[in-house]
Amino acid sequence: MSRKLVILHVDGLSANMLDHAVRDGRMPFVRRLMESEGYAINPYRCGVPSTTPFAQAGILYGDNSEIPSFRWWDRERRLLVNFGAGSTFKKVADKYFQSCVPLTKDGACIAACYPAAAAEDFGIAYQERSYTQDSRSKSAWHVLGPYLANPLHLGDWVWQAVAVVGRTVRDVWQSMASGGHPARSYVITDVIEEIFVHHLTRYATLKAMHRGFSPIYAGFYAFDETAHAFGPSDRSAARILSHVDSTIKAVAAARGGQYELVVLSDHGQVDSVPFASHAKQAFGRVLAAMLPGFHVQEVKGKAFGPEPQAAQGTLKVTLSGGLAHLYFESRVARIGYPELVAAQPRLIEGLSRLEEVAFVMARDGQKDVYVRQGHVLEGEALRSMLAEYDDPDILLSQVSRLNSFAASGDLIVFGAFIEGKQVNFENQAGSHGSVGGEQLHPFVLAKKDWKLRTDQIKGAHELYQVLCELRDGLPEAAAQGQSK
């Protein structure tokens, strides 16, 4: 009998952190999968930017080009594109994935950034509960209603609500008492994710399995939200992994000999310090000082400089963890490096000399320009700088690909690491989106018998083909497993 496939996406969990959680006993069921069913942790590289929309587009469609971060400025449509609450991607979705055959075509895609041609999403998308108008897709109330109508589910939800709120309040006070700075907005989101959305997504996944959909792709974001709030190395993040382990166990128990299970992540997380905390002023204020006369608008932040009507121009600054894109709003295409230096001679040099900035990237025709401490880096000097963050050859290809996107900013700014923490352009205790550390190294948890080769994957879009081959080869893989 043909096997079906269910894929669980655990947002923000790196391969190394998963390995430590298994070894430390925080994920006993995953350990059982590894010991009794032959599962193994297969690291891969997600590419840059290390964000969910970029990585998940690669995984689901095999194409994540022109997705330069979690949010960006669409010059053609004069529109801020962002994911999460109030997502606007649907307004530009027609520009993407036109020739792609999604991984989940005619399957189920639950709590993802994209619909991915699934026959069902149960009305649940990443922080948006009415993603698609597809007539085949139900409203989230078709899942929420039956879930809450069950007294066992309702009782579990109420109990979890009380327990999680109590634990979260305790974690906030303990973190502050020890000198930590939890990100309060993410603390609230974390509670919502853990109590409600995580449970609802698990319920929808089990319902999809009961109805026989394949493949099923389901996203779980509680760990990522907790890591944003407290930092990935905090005890709160470690505790959430036990919660994730329970979900993997529940889904595995529902396989019934029909489904094969894969668990993967899209990127990792690193501990971070907000730019404003370290520099003692907002990033937008620093930019406004370098661009006198310009109105500087931080997306998800404040505005600085003169009002737009009195300004000589507007700079849009889209912030995504340790990565920032800078857009001169009046432009319909990216500004070349020579023109930018001529027009704003203080900007690039000033940015590159900030202690909080690792390097600045610009574009000169088809050539990448990297600036650090006021100097343009090339050759061995460039490789030496990139080697501080990852394999220099691989990282160079990843950041160069990002710099080739027409949707990228006129300038791309990467946060520096200071005392082991990356500078974060948002207010987060843990972050991703940039380069350096575990944020670039997610995983695929899969059976050794499948012989998945992920060690050569340099970007999430390359994982798509691996998963498609697994999906289409499951009958053969199952037969091989039975013959041993």
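Which residue of β6 does Ala108 stand opposite? Ala108 stands opposite Ile216 in β6, where helices (H or I, at least four residues) and strands (E, at least two) are DSSP runs numbered from the N terminus.

This is a predicted model, in which local features need pLDDT of at least 70 and side-chain atom pairs count only at pLDDT 80 or more, while totals for chains, interfaces and linings use all residues. Residues are numbered from 1 along each chain as its sequence is written, and side-chain values use heavy atoms, with hydrogens and water left out.

**The sheet**

Six strands form an open sheet with mixed pairing, in the order β2-β20-β7-β1-β6-β5; two strands pair if DSSP finds at least two bridges between them. Because β2 and β5 stand at the edges, each with a single partner strand, one side of each is left without a neighbour in the sheet. On average, neighbouring strands of this sheet are turned by 20° against each other, direction ignored.

| Strands | Sense | Bridges | A bridge pair |
|---|---|---|---|
| β1 (residues 4-10) and β6 | parallel | five | Val10 and Phe220 |
| β5 (residues 108-110) and β6 | parallel | three | Cys109 and Tyr217 |
| β2 and β20 (residues 443-447) | antiparallel | five | Asn42 and Val444 |

Strand β6 (residues 216-220) has five of its five residues buried, so it is largely enclosed by the rest of the structure; buried means under 20% relative accessible area, exposed over 50% and partly exposed in between, with a 1.4 Å probe and protein chains only. In a regular strand the side chains alternate between the two faces of the sheet. Both faces of β6 are covered, with Ile216, Ala218 and Phe220 buried on one side and Tyr217 and Gly219 buried on the other. Strand β2 (residues 39-43) is also largely enclosed by the rest of the structure, because four of its five residues are buried.

**Helix α8**

Helix α8 (residues 235-253) has 19 residues and reaches 28 Å from its first C-alpha to its last, close to the 27 Å expected at 1.5 Å a residue, the expected span being 1.5 Å times one less than the number of residues. Its N-terminal end is capped by Asp234, which has a side-chain oxygen 2.9 Å from the backbone nitrogen of Ser236. The buried residues of α8 include Ser236, Leu241, His243, Asp245 and Ile248.

**The cores**

Ile248 also belongs to the largest nonpolar core, which has 112 residues, and together with Tyr114, Leu261 and Phe414 it touches the most other members; such a core is a set of buried Ala, Val, Leu, Ile, Met, Phe, Trp, Tyr and Cys residues joined through side-chain atoms within 4.5 Å. A second, separate core of 34 residues includes Val273, Leu287, Val296 and Leu411.

**A buried serine in a loop**

Ser434 is found in the loop between β19 (430-431) and β20, and counts as buried because its relative accessibility is 0%. The side chain of Ser434 reaches the backbone oxygen of Gly322 at 3.1 Å. Not counting residues up to four places away in sequence, Ser434 touches several residues, among them Val48, Gly322, Phe414 and Gln439, where contact means heavy atoms within 4.5 Å.

How values were computed
A polar contact is a pair of N or O atoms within 3.5 Å; within protein, one must be able to donate a hydrogen and the other to accept it, and residues adjacent in sequence count only if both atoms are side-chain atoms. Axes are lines fitted to C-alpha atoms, for helices over the stretch in contact, and angles run from 0 to 180 degrees between N-to-C directions.
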